[in-house]
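Q: I would like to learn how to read local features in a model. Please take me through them one at a time.

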Amino acid sequence: MAGNEWINGYLEAILDSGTAIADEQKQQLDLGERGHFNPTKYFVEEVVMTVDESDLYRTWIKVVATRNSRERSTRLENMCWRIWHLTRKKKQLELEDAQRMVNRRWEREQGRRDATEDMSEDLSEGEKGDMLGELVQMPRKSFQRNFSDLQADQAWSDDNKGKKLYIVLISLHGLVRGENMELGRDSDTGGQVKYVVELSRALAMMPGVYRVDLFTRQISSSDIDWSYGEPTEMLTSGSNEADREEVVGESAGAYIIRIPCGPRDKYFRKEMLWPYIQEFVDGALAHILNMSRVLGEQIGEGCPVWPYVIHGHYADAGDAAALLSGALNVPMVLTGHSLGRNKLEQLLKQGRQSKEDIDATYKIMRRIEAEELSLDAAELIITSTQQEIVEQWGLYDGFDVKLERVLRARNRRGVNCHGRYMPRMAVIPPGMDFSSVVVQDETMDMDGETTTDGISPKAVSPICSDVMRFFTNPHKPMILALSRPDPKKNITTLLKAFGECRPLRELANLTLIMGNRDNIDEMSSGNANVLTMVLKLIDKYDLYGFVAYPKHHKQSDVPDIYRLAAKTKGVFINPALVEPFGLTLIEAAAHGLPTVATKNGGPVDIHRALNNGLLVDPHDQNAIADALLNLLGDKNLWSDCRKNGWRNIHLFSWPEHCRTYLTKVAACRMRHPQWQMDNVMDDDMVAEESLGDSLKDVQESSLRLSIDGEKNPLAKGDTQVHDQVEHIMHKIKRQVPEARDAANSSKVTESSSSSSNKYPILRKRRRLFVIALDCYNDQGDPEVTWLQVIQETFKAVRSDSQISNVSGFALSTAMPVSETLELLKSGNIQAKDFDVMICSSGGEMYYPVSYQGSEEDVCLDSDYAKHIEYRWGHDGVRRTITKLMKYQEGQGEHHSENSSRVVEEDMTSNNEHCVSFLVKDQTEAMPVDNLRQKLRMRGLRCHLMYCRNSTRLQVIPLLASRSQALRYLFVRWGLSLANIYLIAGEKGDTDYEELLSGFHKKIILKGVVEKGSEDLLRTSGSYKKEDTFPADSPFIVYTGNGFDSEEIMNAIQEASKASYAK
């Protein structure tokens, strides 16, 4: 553009931003020496587009359309300064990111070194050398066994037909249904929805699988179809007819189970679901308990059938699966689909948003923490490719390739790992439903002529007609690309390669299926920019008659598009810059299309398995054109690739996927509740729960427990009569079993025989009031207010005889049981006034002993102790935290005798499942986020918190917490979570936020707790409090400024009516 020569100087500043000081002798860019080089074109294509600000290109279009030359020059100058500023900002973010990565690598190396030093004392000198050798090996080699593990493990076969497994899958976000899936309706309803639905159906057809439940969120909104509000949807009735002859009951098959959480009349995008995760967990837990009992009667000979595995899909479902797995003590599996850390790195590299802006938009830090928690709890992580393992999961604190090798080597030798653990990774490519694939004759039309001539117009599908109308010569081979119009899909580079290669244009047509559009201006800026560039390139290279780009297509049209390309002896291409997996490549191969694909990501593994095409550098348009010419021009190569794809495509079928999946899961450490369930299913439980085969009854019961709780019989005034009837019915039903139990009493263990005497009252409770007040002074001692609240709560509940007859009390505290009992005695409160005591922040559970002859006040729940033992390394945790926090930060090993210690071990509060430290210097104490990160990098999985007004640091097992203890009471004793009332203050220990999540009622006493430990919970860059629980939850009720019995009773009555508006 004449008169705009000044632009060279600004371009020069842009290109050299951040490097001028380091390279002062660098020659200035002389755009005039490049022949016919167009500076305006370079400005737009190489500078504006690389900055990658969404609306920048549109702005430039408006600028160049300005008629006044002076105004146009001024606006172009302003744009240059804008780009220059963005480039400098991007350089700054890249520098900060590089520094962060350096610090992270150093921290990981330090954690790996600490872990190996801590464990090396158990090894001989020779074994120490072997372990060091494991560390120095290349990390990629550690996953070469993933393709041969199936041979080492016993492959799943028809011999497992008699197992009758119950499998739970979770896919929380999006719109999930079995038929007419609305794929592409929004960013949450895409390939994952299709994947989990097809996986559910396929698993239900496998030998040995009786039932598969796919959990998702229930939504009853006027904005979406009514089917998403249905509690249950059947996907398939089960396996083949031969297997169904052995089925007893009506619950076999695959089902979508929709669990209510949050307001049911609102459809939330996935970033807004985080506060409701624990509500989803509570509802899912209720359904699983009911279904386990139903299946127990059908196929378990009266014993509950627990889930074989709980499998979460994506970060939100992984968070839910981790909590469900911990509550039930069953194995957990995770499929990430896409990962938060990888997305964060990509967004930071673009330089358009700061980390804070990214988190505000995507809740990315909450997502990353959910993925870290999933790594803590999962037995198995399923990935699609090796690249996902090394380059994506390798970014996480909870997974270290090298440390995983060390721990695996120790496990092989049978050497103690001191509680350190790394999850097992397995590459299992997604399956595909081949029911729509029509395999064509391999020898057809080998002369190169297409068959579209002889097809009657009625036989051609509408989408094929729509595509062919674009072409001057529709009989030429078709190059097919199918993807969203996303910049990462690299469609413009493909179009440039096609437009600039004349032999390719003469040989083939190009079809671009780029989603659905009505008006480009109404699309998102990124997609609109890509489509605009596509149209401009078509016009630039005059590709009219050579390129098809239909505006609309349905999901059911996709097989027809593949078939059309195959009939023309075409090629499918995926030129994405990075492709996590590449399911379209498998679909194309199934329809007989050779492929050209990016060499970055999942297509490498697919190509290795299928050997049906070529890999290219997506940045090299000449390489793309050459690969397409080779495949289209060489008939023998095209035919060989087609045959290879058909020959090997079975490796990506759903039966093959499920066989590999079940084989990997079978190799996990199988766990399930260990207690005797006959202690639970008696008294009121038998009369209260309907265990019929009717699926409708199960659905209604599940929803009642999930969201509304039991219908309160207290309001009807018939509680006593109801209890008497149930008691009589129970005695009639139990006469014969009691006689049989008496005859076999000598065979029962001491723990089991005494359980009926120790825990009879708790089983009969309809309501449970849990006092979880974290009220401490500056020394961490409980204040007098703590005792006063207990007494006022007793007074409030006992003032109503109907409530008190069926209600119990629980105490939930960070104090050890000995200190708790002493404090209760000082207030003249007896231990037997409580049904259960949750002590040491959830590390222990006690029941008051009320039977004659006992000299103890309370009895430890040994079943709970076994329940939380999973992955607990007491000594390893104690030594590691002592080393990390013994002295003030910066002193390290160079401390003096007078150096102040940050923490000291608190021997009076330590026990088998709680490591406690006194915090000597709160200003130097490491926040929970940072300390948890360091422990994860060292392979330690645990739950840690600051408590008692930040004067204590307590570490308990991963499965233990005060909130999870409530779920244990639900699972163990049938205490409905909807009928648990938690009484707390406005502040508390660092586990306070967990206590405020879920379906249990929360009564918050205002003005009681002045100071908590929240300041030590998280750092400034972590996820926010509002991402953990909904502040406007109807299940949270506040009192006035007092805590007398009348205030508490009013809050209880208000909370009992709480529910989401229907």
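Q: Where is R948 found?
A: R948 lies in the loop between β22 (942–947) and β23 (952–957). Helices (H or I, at least four residues) and strands (E, at least two) are DSSP runs, numbered from the N terminus. This is a predicted model: local features need pLDDT of at least 70, side-chain atom pairs count only at pLDDT 80 or more, while totals for chains, interfaces and linings use all residues. Residues are numbered from 1 along each chain as its sequence is written, and side-chain values use heavy atoms, with hydrogens and water left out.

Q: What is the phi of R948?
A: Most residues other than glycine have a negative phi. R948 is not a glycine, yet its phi is positive, about 55°.

Q: Is R948 buried or exposed?
A: Buried means under 20% relative accessible area, exposed over 50%, partly exposed in between (1.4 Å probe, protein chains only). R948 has 0% relative accessibility, so it counts as buried.

Q: Which value does phi of K569 take, and where is K569 found?
A: Phi of K569 is near 60°, a positive value in a residue other than glycine. K569 sits in the loop between α20 (558–567) and β12 (571–574). Its relative accessibility is 15%, so K569 counts as buried.

Q: How is a pair of aromatic rings described?
A: By the distance of the centres and the angle of the planes. Rings of Phe, Tyr and Trp (its six-membered ring) pair if their centres lie within 6.5 Å; planes under 30 degrees apart count as stacked, over 60 as edge-to-face and the rest as tilted. By this rule there are 13 aromatic pairs. Take Y864 and Y968: the ring centres are 4.9 Å apart and the planes are at 70°, so the pair is edge-to-face. This pair links distant parts of the chain, with Y864 in helix α34 (residues 862–867) and Y968 in helix α37 (residues 962–973), 104 residues apart. Y864 and Y968 are both buried.

Q: What is the geometry of the pair F999 and F1035?
A: F999 and F1035 are edge-to-face, with 5.5 Å centre to centre and 85° between the planes. They too link distant parts of the chain, 36 residues apart: F999 is in the loop between α38 (992–995) and β25 (1001–1005), F1035 in the loop between β25 and β26 (1036–1038). Both are buried.

Q: Which residues form one aromatic cluster?
A: The members are F769, F794, F809, F834 and Y981.

Q: Over which ring does the charged end of R671 sit?
A: A charge sits over a ring if NZ of Lys or CZ of Arg is within 6 Å of the ring centre and within 35 degrees of the ring normal. The charged end of R671 sits over the ring of Y870, 3.6 Å from its centre. Likewise, the charged end of R871 sits over the ring of Y421, 3.4 Å from its centre.

Q: How are two packed helices described?
A: By the angle between their axes and the distance between the axes. Axes are lines fitted to C-alpha atoms, for helices over the stretch in contact, and angles run from 0 to 180 degrees between N-to-C directions. Helix α31 (residues 784–798) packs on helix α39 (residues 1045–1056) at about 60°, with axes 8 Å apart.
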